[in-house]
Amino acid sequence: MDRRTSIGTFVGSLFAVSHIAVAQQTTKVWKVRYLRAANERWPSMPRIFAVLACLASCVGLSTAATPQEALGAYHWGSPYIVNGPSSLLDGAQQVQALGAQVISLAMTPNYATDYPGGNFATVHSLVDLARTPEFQQVFQMPFRTYVLMSLSFSTWNTWSTVHPHGPFTAALAAQETAEIHDLAKYLLQTYQGSGKTFIIKNWEGDWFIDENYDPTYVPTAAQIQGGIAWFNARHAGVVQARQEMPGVADVQVLHAVEFSLIQRVKKGVPSVLNSVIPFVQSDLISCGCYDMGTAASPGPAGTVALRQTVMDDVAYVQTYPGVGGRPLFIGEYGFSETQFADAGARTGIAAQAYLDAGVPFAINWEIEAGGGFGLVRPDGTRTASWQALHAMLIGAPDPNVQGLWWATPPGSESGWGTNFAHQGDVVFATWFTYDNSGKAWWLSMTAPRIGPQTFGGTLYATTGPAFSATPFDPAQVTRVAVGGAVLAFTDGNTGSFTYTVNFLSKSKPITRQAFGQLPGCSTATGALGAATNYQDLWWATPAASESGWGINFAHEGDTIFATWFTYDTDHTPLWLSVTASKTAAGVYSGTLYRTTGPAFSAVPFDPAAVTRTSVGSATLTFSNGNNALFAYTVNGVAQSKSITRQVFSPPGTVCH
């Protein structure tokens, strides 16, 4: 992220260190001493919390933001220009093409380096910078929210870029307040009636205050106090400007305090979240946190866990003592395509998780950037992360993925597969594979939508009555969670299957298994009984009477490939399969096979090690598109069951 050199020599040197930090345990003695001293200096903490709660209720932000209201992109210090007349305008145009109404920009004394080629003339303050033709053009673009990473000219050479920072004196505070006041007042005056919101924030607070990139570093009491004074001086400027402009309508200028570390806070290390924010006034809290939600984990386990850990970390901050109800937004997050093979899926998962957690804004790093973070590459091509965000911003519908899938390229891992019943925003997946002994084993997952074309959930191993049990008692079915999985689709025919099972994690590219003419599937608009294609998940009639087993039909042309997930005589999971050819109108028959093969965790998976053994036969007789008779013989046991489609998200799905 080369743009951080724009903050000065200090920041430039820091970027040699990894941006994704993992906090380690450090002593808590200093923290206890510091907090004791803090309580002596600020005995009126309840009053401060009350003020913060009031501020949070007055900023007019909804916690149920839509993608259009919330999702945006950062544009700062791009190392290239795609097709615009200057860096600032080029990046802004790219953010607009993304479909975003939220943009984050930098306003600092390093403006010429931040945005090369711009028409800036002479600039001596933040107001001067806002008045330049470059920024005026961007402020007049149809963005609704501008998040402005602003560092004042007045304290740039006397405190911000001086290291160590030194005390933030009353004189420095007055200068900071005055310059932030002038910027805020100018924005209120100039853009009243525009419906725009401007958020003035800092650059990642922990790194700025710590003056290094060491996540285990314990900031000094002087650094903590300097940060508190600096933040409060900035907030005072915004408040003064608002007080002086009581008649201004349909425009907002807000102040946010941004921190950048969360994991070390959980270990008790003094940080901005726990040692600064409780003593600072602001309208919002911003997190520029690359250590939020295990984002540092490049493997499949990180993808599977990403949504839940993001949700947990957001909730941790939202309820942290001292936040006081102030809205939390995500000032910066991102996934480098050179570090994460599934950067697009992760971007969509994280963005959706932020929305579901109720944050008002979530800003991706970055529209144009080095290190694989750019949503738009130097040649103008767009990354998978861009595609994920764009789909969310324009409300693009997901393709229906109902059917049988297997590894890519087709046939490369013949012998295992996954069947998806896709209804509404939920995919029910049954994974047909093998346990460590090579025995046929199936796992299932109810996977709600967690991002654009992305679904995820918990994987369960199930035991129950033997396939031959009469009657089948669903009360004997037990489910045990063994891991989780994420299904991410590029389109209706290609995707990836990422899973963690019993602490083993892998990711496999998958595609539809085509053995005939592939049907198209969509939400049912009429009675399912009228359907002539039977591709779906089916179970015993009446519905739920034998919950715990089922059968998937992949129906292509005059052939149905059926995977029956049931239980062996020892009650362990068992699956059988049949390629059933059409023998008469509505009638399909074939040989039932039991299969053994390499364990689910085998690398590589050797299809030559898969063996199929005939154990009987099956006949499917459909009376209509929603009812059938499943007759089978397995190891000499002959039975039949009436079956119907399993509709778990009405009105269900139909293929044709």
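Is T454 buried or exposed, and why does it count that way?

Analyst: This is a predicted model, in which local features need pLDDT of at least 70 and side-chain atom pairs count only at pLDDT 80 or more, while totals for chains, interfaces and linings use all residues. Residues are numbered from 1 along each chain as its sequence is written, and side-chain values use heavy atoms, with hydrogens and water left out.

T454 counts as buried because its relative accessibility is 2%, where buried means under 20% relative accessible area, exposed over 50% and partly exposed in between, with a 1.4 Å probe and protein chains only. T454 lies in strand β13, residues 454–463; strands are DSSP runs of E with at least two residues, helices are runs of H or I with at least four, and both are numbered from the N terminus.

The side chain of T454 reaches the backbone oxygen of P452 at 2.9 Å. Leaving aside residues up to four places away in sequence, T454 touches I349, P448, R449, V486, L487 and A488, contact meaning heavy atoms within 4.5 Å.

Turning to the strands, β13 pairs with β14 (residues 478–489) in the antiparallel sense over ten bridges, and two strands pair if DSSP finds at least two bridges between them. The bridge partner of F455 in β14 is L487, a residue that T454 also touches.

Helix α15 spans residues 343–356 and lies across β12, β13 and β14. Because 13 of its 14 residues are buried, α15 is largely enclosed by the rest of the structure.

Key: Polar contact = N/O pair within 3.5 Å; in protein donor to acceptor, adjacent residues only side chain to side chain. Expected span 1.5 Å × (residues − 1). Axes fitted to C-alpha atoms, helices over the stretch in contact; angles between N-to-C directions.
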